Protein chains: 2
Amino acid sequence: MQITFLGTSSGVPTKSRNVSSVAIKLPQRSEVWLFDCGEGTQHQIMRSDIKSSQITKIFITHLHGDHIFGLAGLLASCGMAGATQRMDIYAPSGLGEYLDASLRYSETKLAYPVKVHRAKTGVVFSDADFTVTCAPLKHRVTAYGYRLTEHDRTGRFDVEKAKSLGIPEGKVYGLLKQGKTVTLEDGRTFNGADFVGAPQKGRAIAYCTDTIYCDNAVELAQKANVLIHEATFAHQDADMAFARLHSTTTMAAQVALGAQVQQLVMTHFSPRYLNLDELLAEARAIFPNTILAHDFLTIDVPYSTN
Amino acid sequence: MQITFLGTSSGVPTKSRNVSSVAIKLPQRSEVWLFDCGEGTQHQIMRSDIKSSQITKIFITHLHGDHIFGLAGLLASCGMAGATQRMDIYAPSGLGEYLDASLRYSETKLAYPVKVHRAKTGVVFSDADFTVTCAPLKHRVTAYGYRLTEHDRTGRFDVEKAKSLGIPEGKVYGLLKQGKTVTLEDGRTFNGADFVGAPQKGRAIAYCTDTIYCDNAVELAQKANVLIHEATFAHQDADMAFARLHSTTTMAAQVALGAQVQQLVMTHFSPRYLNLDELLAEARAIFPNTILAHDFLTIDVPYSTN
């Protein structure tokens, strides 16, 4: 799992930061899942190493323009590039109608199926590999935070070792994979634990924007490997954060601390701050393993260290 | 009048060309008028010397996404930047509803008035300085071409000369400005023609996209100083131009020739062409004073040479 930030400014784009979008590459299935899609997201994708043809899911936090105005253009361009695979979009109520209107008035006909799912608290998607949950945040409009959880994987069975010991392939391998002890016809006894590697604990990413500090963000981010949290304002501008229901650096760090995450990545910075060093210092004073996102920052999500 | 191309690709953005938008600076009134507003137009404006705060009118040719998907974001950003002056938008039927839906679902509240006017054949705007007319083109959806005509200006009255000759200010100046002959109380006689410079013929710009060759484009562009015409396809790809109702280089040049314009600027190139030299040569074979637009190309509109 690899995270690429495509837009890290709040409200309006700046010369160096576009409005919100984050891509998560899932190399094991050659898919990319997007979180939010502000205007110009397709342009940012073009300038990154993300392949728009691999996008299969788009999760939208809320319907403010800086999080959705790039959606219709991205879908239209995917269509013109010959996309055929289904696209699933998860979003609060109203997104389907917005998208319908955009596509209808612009007479955009997509040759591939697009399904808009209404996000609701709890599990929004789950399959053999991943579960995505969401919970409402605290913003001026309905906004959801998302958590992407990779399922734990059982340890790898060491086929080469079994073969080299002359253990016959077939049913015995299955028993060993399950960790059982097996006695062969030739009298030798083997313990499955000697052939199966350690299980791999799945990783988790939480994506919380736009919101002021809220318990649901802490809940969503519990022990996540990476928490992406908005930090629109510096600590000293908390009055604006309260007025507009955005977070300060301090609030983002408090969520990270409360949720015991491994790493905090702050994003969605107000264009008023030209130098973000102080914002970073404010957060690190509370949660040291904090970094600032910038457009095209790419992070390999680490496995848990404990 | 100065033209700046903000997007010169057709359908989808490329790394070097954004989708359609053209800005026309009117320095005499500190205004900018936009023609089309594809996704990312606000980003392009930020990278140009256009001030979004000076935009007072936006003319939309048609509702395809690559011409309108940047509109809601631009208006929202103008709002966040504190815009207060009225914005007039001229567009085919449906644009108002599209914009309403975009602003409503995204809960974007603009603090300045936006008025959407439905473009109809004929004069869409006129004041003391300019007239804008439009006429339907031939595309897959309703599309209008626009012509911006600067009114002729009477010659400048040479106040300094009149003063230096001791002609008393006031009513006499008015008569001289009108070109009349005036006899002063001191017996001297002056002819207005000696104080008034040559009248300045107004300039005209025609903007024709998206369309296949059509008579209305020729009509709109009559003797224009600059004709901006789409040339999505090379001459050899005329079959695609006919199928999609776009123009080839040859068609664009034929419009320029038929309309006896001063200069043709081709734009809206299909991303399939990596080298546009041949497209330029094709057009120049028919209409020599042709250039290719590129993003951020800026042209001072010349006065007529005849």
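Guide: The crossing of α3(A) and α4(A) is right-handed; a crossing is given that name if the near helix is turned clockwise from the far one by less than a right angle, and is left-handed if anticlockwise. The model is a predicted one, in which local features need pLDDT of at least 70 and side-chain atom pairs count only at pLDDT 80 or more, while totals for chains, interfaces and linings use all residues. Residues are numbered from 1 along each chain as its sequence is written, chains are lettered from A and ligands numbered from 1 in the order in which they are written, and side-chain values use heavy atoms, with hydrogens and water left out.

Two packed helices are described by the angle between their axes and the distance between the axes. For α3(A) and α4(A), the axes cross at roughly 60 degrees and come within 10 Å. Here the axes are lines fitted to C-alpha atoms, for helices over the stretch in contact, and the angles run from 0 to 180 degrees between N-to-C directions. The two helices α3(A) and α4(A) are therefore oblique to each other, since angles under 35 degrees count as roughly parallel, over 145 as roughly antiparallel, 65 to 115 as roughly perpendicular and the rest as oblique. Helices are DSSP runs of H or I with at least four residues, strands are runs of E with at least two, and both are numbered from the N terminus.

On the α3(A) side, A:Leu71, A:Ala72 and A:Leu75 meet A:Leu95, A:Leu99, A:Ser102 and A:Leu103 of α4(A), contact meaning heavy atoms within 4.5 Å. By class, this contact of α3(A) with α4(A) has 6 nonpolar, 1 polar and no charged residues. Ala, Val, Leu, Ile, Met, Phe, Trp, Tyr, Cys and Pro count as nonpolar, Asp, Glu, Lys and Arg as charged, and the others, Gly among them, as polar.

Helix α4 of chain A, residues 95-105, has as its buried residues A:Leu95, A:Gly96, A:Tyr98, A:Leu99, A:Ala101, A:Ser102 and A:Leu103. Buried means under 20% relative accessible area, exposed over 50% and partly exposed in between, with a 1.4 Å probe and protein chains only. Among the elements that cover these buried residues are α2 (65-68), α3 (71-80), β5 (87-91) and β6 (114-118) of chain A, together with α4 of chain B. After α4(A) comes A:Glu107, whose phi is positive, near 50 degrees.

In chain B, α3 (residues 71-80) and α4 (residues 95-105) pack at an angle of about 60 degrees, with their axes 10 Å apart. That makes α3(B) oblique to α4(B), and α3(B) passes α4(B) in a right-handed crossing. The residues that meet are B:Leu71, B:Ala72 and B:Leu75 in α3(B) and B:Leu95, B:Leu99, B:Ser102 and B:Leu103 in α4(B). The class count for this contact of α3(B) with α4(B) is 6 nonpolar, 1 polar and no charged residues.

Of the 306 residues in chain A, 57% are buried. Contacts between residues 24 or more positions apart account for 63% of those in chain A with a separation of 6 or more.
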